[in-house]
Amino acid sequence: MSSLNLVYALSALIAVLVVYRPFITRLDCMRYIFFCTAAAAVTLFLFVSSLPLISSEESIQQYIHTHNNITTPNRILVSNNFGQWKPSASALSILVYNSYYYKQNISTLLITLWKDASLLALIAATSISFSGIISRWDFPILHVKPQEHIFYDFLYRHVSSIALILLGSYSNSINTGSYPHQVVSIFCPVIAMLYLFSGPYLFRRWRVVTATACLTTCIGYFSASHTTQLSVFTSWTVADWFSISFIFSGATAALDYWDAIMNTYPYLASNNIKDHVRMQDPMKLYYWIHLVKTIVNLSSESELDSEPIEDIKAAIRSLGDNKRSWKTMSILFPSNLRQEMCVLYAWFRVCDDIIDDMDPKIYGTFALDLVCKFLNQVFSHTNNNNHDKLISGRRRQRRGRSSFSSEQQQQQQQQIAEIATKFSKSASQDPRIPNAIDWDYYAQYLNETQLATLRGFSRLAPILCPKAAFALTDAWKIDIHRKAMKSQDDLLSYAGLISGRFAELCTCVIMYKSGRGNWNGGDPIARKDDVLQRARATGQCLQLINIARDLITDSLEGRCYIPLQYMSSRRTYKILKDSRDPSRVGDNALKSYAIQILKLADCCTAQAQDGINGLPYEVRDGVRAAFEIYSAISPAIRDAKGFPKRVKVPKRRQQIIAFSCIYGFNPGLMDVLLATGNKILKFTDTKITGVYKRTADISLPSNK
């Protein structure tokens, strides 16, 4: 029996999986299991439902007609036996009853059933993979719009569901007695249920859902054209294939929709932080129980608080075009982890900018105190005894803050009221934000985007390590006071504080969102200190490379992180920091300093690689790609002539490294292939009228 249908469907799945393999998440694994099992069950249902198309008498006559070697007495015996067979007409029951004569036909039917189930399972897996490829470039939560009028929610959910049910009824009425053409009428209620629960998201993501359904429809229809006559899919039309493909793509999008809502609004399922930890792993039953609770407790998007979504948008905007490398790397992460990582990195950049933007000569340590005050209030939940102290201290601060005139106070209060009314009201509705935070106070000094990133960070506070967060303030203190690095040990300590501790915070988020427990320090069983230590080494290594690259940039801004032990005299330090004139030091000296710092980074590389290997597989390739791309700065500095102001890795090189890390190729091999391709391109020059012209430059005729 021909198996070309499975070959075609399997080839399409392999082609899609080759691209999607590095991005497969734990939720995708469960989707493969659920959808493929459901596809097999649907095939069995359709197969059994299609069998009663012929009566038992017709089956007998067909069998006798095709088996001329049966003698007349045996024909009478067969007819009498089937005449006593009272159950409803079914080809399968006939074959089972006469297994002696029909043994070959039973095996044929079972093989056909297995091939049909396998074909539909391959179509389902292809739909999941292709949908994941084209939908991962955006956050699903950004397509949730609580501020949209409730009329649209009613239209997307209920009106579309009723319309689909009516369409299924109409299709059933015009195809009565013709079962193969009633497939659409069977699947319409299922599609209606998808729109009832996830209609707004399916309408907003119609391009992704429709493109996936169209692709799998083509694959399924083409593969089914090579099936046998016994196959369920022999008589399926394009409409039938599109309906089942739309179910797969729509269910994939619907699961992304509710997963995003549950991760952004976990209190819809439970207010217990322990339950929030349990609902992070899709491979456990707790996840699905809380997902059902979220669906049951939310009847409309208008019931959601729009503030968390707006804060995520503000965090993404705050990263700006200058942080493309971070956003590109985060694309490799699962969507629920990606949005948390963007919020965390946005908070880190905002705090760093607040401290850098405020001149310490004018404001002193006010910016640092502002950040420290915020962290104290955010992590007040870790020590309930400190809550009253924070409140009383905040009241004393308010009483001691009146150093302005009455008119200035009134103007300031009006400005605060406009911002605080907008932000603190919504913040108080989110139970994840600690009540100890004085948003009115921060609204005096921060803009809306900065406030949004602070609120986003406060929602992450229960899963972050307070020690690591407060260690960042020690690094910012060094930046404010412009302390000199006396030795390379001081430089290592600073790099460990600023980027090492931030890497530790990132690891806490990664482990929490990957279902590895809460690593904030409250659960010593879940927390692995050796993994966090290697994560700090990863951040420390990257920070050293960053310092070596930015020697000139830092000097122009009045900073110098070069250890004094590397310099022949302290006069060099003053030229770089106070005079801000790195040209007087010379490129050779600057390059020698950079190479010595890079040697320190090389000492951390082995431990950094171990730290990456200890991360969950969902994020390991993305982090490794970012690490290797950033590490490529080191050979670029060593190989450069002189010492450039800011070394950059070429985009082509970045793409090769990222591709190699994601798909497991050797970067050296990719370089060889690229160089070979360039040589081949040179040899393809053709001589036209005495002038050499590249074949690649010749304009090809259009296909129009």
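Ground rules. I number residues from 1 along each chain as its sequence is written, and I use heavy atoms for side-chain values, leaving out hydrogens and water. In this predicted model, local features need pLDDT of at least 70 and side-chain atom pairs count only at pLDDT 80 or more, while totals for chains, interfaces and linings use all residues.

Aromatic pairs. I looked up the aromatic pairs and found 34. Rings of Phe, Tyr and Trp (its six-membered ring) pair if their centres lie within 6.5 Å; planes under 30 degrees apart are stacked, over 60 edge-to-face, and the rest tilted. I took Y20 and F23 as one case: their ring centres are 6.3 Å apart and their planes at 45°, so this pair is tilted. Both Y20 and F23 are buried (under 20% relative accessible area, with exposed over 50% and partly exposed in between; 1.4 Å probe, protein chains only).

I then looked at F348 and W476, a tilted pair with 6.0 Å between centres and 35° between planes. F348 lies in helix α15 (residues 335–357) and W476 in helix α22 (residues 466–481), 128 residues apart. Helices here are DSSP runs of H or I, at least four residues, numbered from the N terminus. F348 has 8% relative accessibility, so I count F348 as buried.

Core. I noted 179 residues in the largest nonpolar core, a set of buried Ala, Val, Leu, Ile, Met, Phe, Trp, Tyr and Cys residues joined through side-chain atoms within 4.5 Å. W476 is among those with the most contacts inside this core. Helix α10 (residues 238–264) gives the most to the core, 14 residues.

Technical notes:
Helices (H or I, at least four residues) and strands (E, at least two) are DSSP runs, numbered from the N terminus.
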